[in-house]
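Please open the model in your viewer and keep the sequence panel beside it. The tour below goes from stop to stop, saying at each one what to select and what is found there.

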2 protein chains.
Amino acid sequence: MDQVEIFKALSNKTRLQILNWLKDPELHFPEQKENGFENGVCVGQIHQKAGLTQSTVSEYLTSLQRAGLVTSTRAGQWTYYKRNEETFAALSQLIQSEI
Amino acid sequence: MDQVEIFKALSNKTRLQILNWLKDPELHFPEQKENGFENGVCVGQIHQKAGLTQSTVSEYLTSLQRAGLVTSTRAGQWTYYKRNEETFAALSQLIQSEI
DNA sequence: TAGGCATATCGGGAAAAGTCGATATATCTT
DNA sequence: AAGATATATCGACTTTTCCCGATATGCCTA
């Protein structure tokens, strides 16, 4: 758990927004509903909603993953990303006790 | 409370270290003991310990203050900085519930 | 195996952050 | 008023981040 890397990943409005959307996929990504959300949301959906290019969104998701804030699952041609709540809990604790 | 500004301020090893030092001034800044720590620690002490130039440390402290993570008090020719624990508590909560 | 999607990676230009040395400002002492 | 000390600000340079378009890779289907 690299603190600086986590905080850097969180230092961007769009990335914060993506994390927020992923808290409630049913609400924010209804188009994907038929496929379920067990593995999270695929890049294309996030790309559309974010209004940035596909490459930028892909890079953002990779950086969130490197920080441990999301996990990814490949399924066919899709990559699904979902929040890694453990990291959020650990971070909240860290701020309370260590930082 | 600007989340992005807070996370940017926390995205630097030295600034994290400064915040950590300020948790226990008696331990980390014994040279200043005679003056007490009610208002925190003065810039010069932090500068010496950080091993970066005075201007850099001054700028770091300003950025921590803009983020609300520390407060400053001027007393004579010294400026004392101390942690603003309210912001840390609020941030920890924010991560648990909102982000 | 060719073509079509979905995603990742690469190269680059603009903006921001990191860091310094020099200088300005404020305060204290004499 | 002058000099000394503490801090802040400025100008510059380097590194990193932001974000894009173009291209590569991987997988699926006809």
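Two residues are in contact if their C-beta atoms, placed from the backbone, lie within 7 Å. This is a predicted model, in which local features need pLDDT of at least 70 and side-chain atom pairs count only at pLDDT 80 or more, while totals for chains, interfaces and linings use all residues. Residues are numbered from 1 along each chain as its sequence is written, and chains are lettered from A and ligands numbered from 1 in the order in which they are written.

**First stop: the two protein chains**

Begin by colouring chain A and chain B separately, and look at where they touch: 17 residues of chain A are in contact with 17 residues of chain B. On the side of chain A that touches chain B, the elements that give two or more residues are α1 (3–9), α2 (13–21) and α6 (85–97) of chain A; here helices (H or I, at least four residues) and strands (E, at least two) are DSSP runs, numbered from the N terminus. By class, the side of chain A that touches chain B divides into 9 nonpolar, 6 polar and 2 charged residues, where Ala, Val, Leu, Ile, Met, Phe, Trp, Tyr, Cys and Pro count as nonpolar, Asp, Glu, Lys and Arg as charged, and the others, Gly among them, as polar.

How do the copies meet? They meet through the same surface, since 100% of the interface residues of chain A are also interface residues in chain B.

Now select the strands of chain A, where 3 strands form an open sheet in the order β1-β3-β2 with antiparallel pairing; two strands pair if DSSP finds at least two bridges between them. The edge strands are β1 and β2 of chain A, each of which pairs on one side only. Strand β1 (residues 41–42) is joined to β3 (residues 78–83) by 2 bridges, and Cys42(A) stands opposite Tyr80(A). Strand β2 (residues 70–75) of chain A pairs with β3(A) over 6 bridges, with Ala75(A) opposite Trp78(A). These two strands form a hairpin with 2 residues between them, and Gly76(A) in the turn has a positive phi of about 60°.

Move to chain B to see its hairpin of β2(B) and β3(B), where Gly76(B) takes a positive phi near 65°. In β3(B), Tyr80(B) is the bridge partner of Thr73(B).

**Third stop: a pair of helices**

Two packed helices are described by the angle between their axes and the distance between the axes. Select α4 (residues 43–50) and α5 (residues 54–66) of chain A, which pack at an angle of about 115° with their axes 9 Å apart; axes are lines fitted to C-alpha atoms, for helices over the stretch in contact, and angles run from 0 to 180 degrees between N-to-C directions. Val43(A), Ile46(A), His47(A) and Ala50(A) of α4(A) meet Gln54(A), Val57(A), Ser58(A) and Leu61(A) of α5(A) in this contact, whose residues divide into 5 nonpolar, 3 polar and no charged.

**Last stop: the DNA strands**

Show DNA strand C, around which there are 24 residues, with Cys42(A), Gly44(A), Ser55(A), Ser55(B) and Gly76(B) coming nearest; a residue is near a molecule or strand if its C-beta atom, placed from the backbone, lies within 6 Å of it. Which element gives the most to the surface near DNA strand C? That element is α5(A), with 6 residues. By class, this surface has 5 nonpolar, 16 polar and 3 charged residues.

Finish at DNA strand D, which is surrounded by 24 residues, the closest being Leu52(A), Ser55(A), Cys42(B), Gly44(B) and Ser55(B). Here α5(B) gives the most to the surface, with 6 residues.
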